[in-house]
Amino acid sequence: MIMKRKKIVDFKNDVLFKYTLRDDQDPDSIYLLKLIIENIAGIDCHSLKVLNPDLNPQHVEDKDMILDIRVTNEDGEICDVEMQNSSLDQEQYQRFQIYGARLLVEQQKRGDDYVTNIHHVFQLIFIDDLDKDNLVLIDRYISQNESGNQEKHNLITRIYIYLPYINILKKEKGLENFNELETAIYIFKNGIDDDIMKLKKKVVDIMEKKADDFNEDMILQDMAFNRDLNKRARQARMKRERDEGKEEGLKARNLD
């Protein structure tokens, strides 16, 4: 008896997430990218190019699977979009900052004039967690002083999209009153569920089709499945190391 393969429908799996957005020649992917970038980052996308569209099974164990996008507008902005199906902790906060700095450094070429060759970097981070001290759906961070004035010629804007908050909005305003962006964020969090299927929205049709096409490809399915296994194993290892560290700390204090 041939077992039917289980469909991958969780857009928080970053293989499915990247597959959905990676094709800058596909009108549906372009629609989603512009919906996200223009409405969250506030960038007017005259055109855009995904710099790293490949999905390679050999990279399934990479720690990060990030979508780097060059957005062409009057300033030539760079936009980095990633999905993090994890909790916010010190390591994550610091990694996001380090990666943003790396995107700036990678633009530098010896002899180039910063004024004309360095472009602003926007990091759009979809994360399956909430900042309990700041309960919002979308939170934007820029460099500023103690008076709240933005640093002149600031080069990095980091934006968190807190996925669980979309379910709070659902209770407050109702799914039927969501705009296209809120609907997309709801699908990123909850998948194509029965409630979302009742809506007649372009973004629902696109993301349902993306998930169906993705599941027609056994290699991509395997990548997504192995990606989840690797993440769970890494998270379990990190928890074990933290627990062991706490235990060692307690032993050291008891010996004092």
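1. In strand β4, Val121 is the bridge partner of Ile78. Helices (H or I, at least four residues) and strands (E, at least two) are DSSP runs, numbered from the N terminus. The structure is a predicted model, in which local features need pLDDT of at least 70, side-chain atom pairs count only at pLDDT 80 or more, and totals for chains, interfaces and linings use all residues. Residues are numbered from 1 along each chain as its sequence is written, and side-chain values use heavy atoms, with hydrogens and water left out.

2. Strand β3 and strand β4 (residues 121-127) run parallel and are joined by seven bridges. Two strands pair if DSSP finds at least two bridges between them. With strand β2 (residues 67-72), β3 pairs in the antiparallel sense over four bridges; there, Cys79 of β3 is the bridge partner of Ile69.

3. Is strand β3 buried or exposed? Seven of its seven residues (78-84) are buried, so the strand is largely enclosed by the rest of the structure. Buried means under 20% relative accessible area, exposed over 50%, and partly exposed in between (1.4 Å probe, protein chains only).

4. In a regular strand, side chains alternate between the two faces of the sheet. In β3, Ile78, Asp80, Glu82 and Gln84 point one way, whereas Cys79, Val81 and Met83 point the other way.

5. Thr157 belongs to strand β6 (residues 156-162) and is buried, with a relative accessible area of 3%.
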